[in-house]
Amino acid sequence: MRRDKHFVTLGETNDSAAASPSSSSAIQRRWRDPVPTTLLWVLIPLLLAGLGVSVFVLAVVHNALLFVGIIVLSVLVVAFLVWNLIATRSNRGLYIFLDRAPDSDLRTATDGQIVKITGVASCGDISLVSSYEKVARCVYTSTLLYTCTGWKSMLSYFSDRYIRWELAHLERQAADFYITDAKSGTRVLVKAGNNSKMVPLIEESVLVSTRDNNREISLTLKKWLDERYLSVDSHLLRLEEGHVREGRGITAMGMLSKKNGTVAIVPPSEPFSTGCFRQYFLLPIEIDALLLKSSDENGFMPGRVGP
């Protein structure tokens, strides 16, 4: 199988594409923000106008009640919007939606219905190999390289969460694969390859970190960087990789297709909504792609850290 690699320099990002697996245009964020930009442009002037009126009332009538009320309301509205934006960027709403949705019964589900199934993954005609660790027989792989510039002696005192890591290189691939549904025993084809629209909820593990005592680059990492024409002089590095290997548990949600005797899950023809999660103060999100999530928590990744 021919694989077309695209190389980037630091500061740019890119997904590696393959002839049959899904490419960069498909494996990415495929939903609409719960807080539209137009809503922000409407709310901000309204809040400023309310604040101006409250200040005027405070100056003329000397009544601080309206002023305090507007301030409290503004803070609550801004906090609510910011919370939803952060939750969207971290996929929190999608995780909650997928975890709470019940597994579908494929024996009674109809063609065109949005379904969720959980089972064991197995490769189709094409299997993938992870970019860095070279793990074979995968149905999905992702490799992310982060860099950070600055004084290494100073940065070593801070935790990763307080360091501004910049994504320098990104490779993601997905192929068509099968899931043996745990509920019905049906072997279902998941159409994740061939540029299918997909949202992967697959966590990556940190494989390499050049912080603290691990600042020397290993020969394996150097070779990996050279193959992609990446220069990392005077940069701190963090390399993460995730994959779903054949035999691991996986959850998929999409539109059910029953044609020509084949049961398949394909990207939905129309967007579907997650609905509101009032207890989490989350607005609904519209999705127009497959959702994939690893359901095997006992190590779909080796999870070692080192150069």
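**Notebook: charged and aromatic pairs**

I looked up aspartate 226 to begin with, and it is partly exposed, with a relative accessible area of 43%. My cut-offs: buried is under 20% relative accessible area, exposed is over 50%, and partly exposed is in between (1.4 Å probe, protein chains only). I note that this is a predicted model: local features need pLDDT of at least 70, side-chain atom pairs count only at pLDDT 80 or more, and totals for chains, interfaces and linings use all residues. Residues are numbered from 1 along each chain as its sequence is written, and side-chain values use heavy atoms, without hydrogens and water.

**Entry: salt bridges**

I searched the whole structure and found 10 salt bridges. The term means a side-chain nitrogen of Lys or Arg within 4 Å of a carboxyl oxygen of Asp or Glu.

What does aspartate 226 meet in a salt bridge? Its partner is lysine 222, at 3.1 Å, N to O. Both lie in helix H5, 4 residues apart, about one turn of the helix. Helices (H or I, at least four residues) and strands (E, at least two) are DSSP runs, numbered from the N terminus. Lysine 222 is partly exposed, at 45% relative accessibility.

Next I checked arginine 228. Its side chain meets glutamate 171 in a salt bridge of 2.4 Å, N to O. Arginine 228 sits in the loop between helix H5 (219-227) and strand E11 (236-245), and glutamate 171 in strand E6 (residues 166-174), so the pair ties together parts 57 residues apart in sequence. Both residues are buried.

Arginine 228 also forms a salt bridge with glutamate 227, at 3.3 Å, N to O. Shared partners join Glu171, Glu227 and Arg228 into one network. Glutamate 227 is partly exposed, at 37% relative accessible area.

**Entry: aromatic pairs**

I found 2 aromatic pairs in the whole structure. Rings of Phe, Tyr and Trp (its six-membered ring) pair if their centres lie within 6.5 Å; planes under 30 degrees apart are stacked, over 60 edge-to-face, and the rest tilted.

The rings of phenylalanine 97 and phenylalanine 272 have centres 6.2 Å apart and planes at 40°, so this pair is tilted. Phenylalanine 97 lies in helix H3 (residues 92-100) and phenylalanine 272 in strand E14 (residues 272-273), so the pair ties together parts 175 residues apart in sequence. Both are buried.

Tyrosine 132 and tryptophan 224 form an edge-to-face pair, 6.1 Å centre to centre, with 75° between the planes. I checked burial here too: tyrosine 132 is buried at 8% relative accessibility, and tryptophan 224 is buried at 3%.
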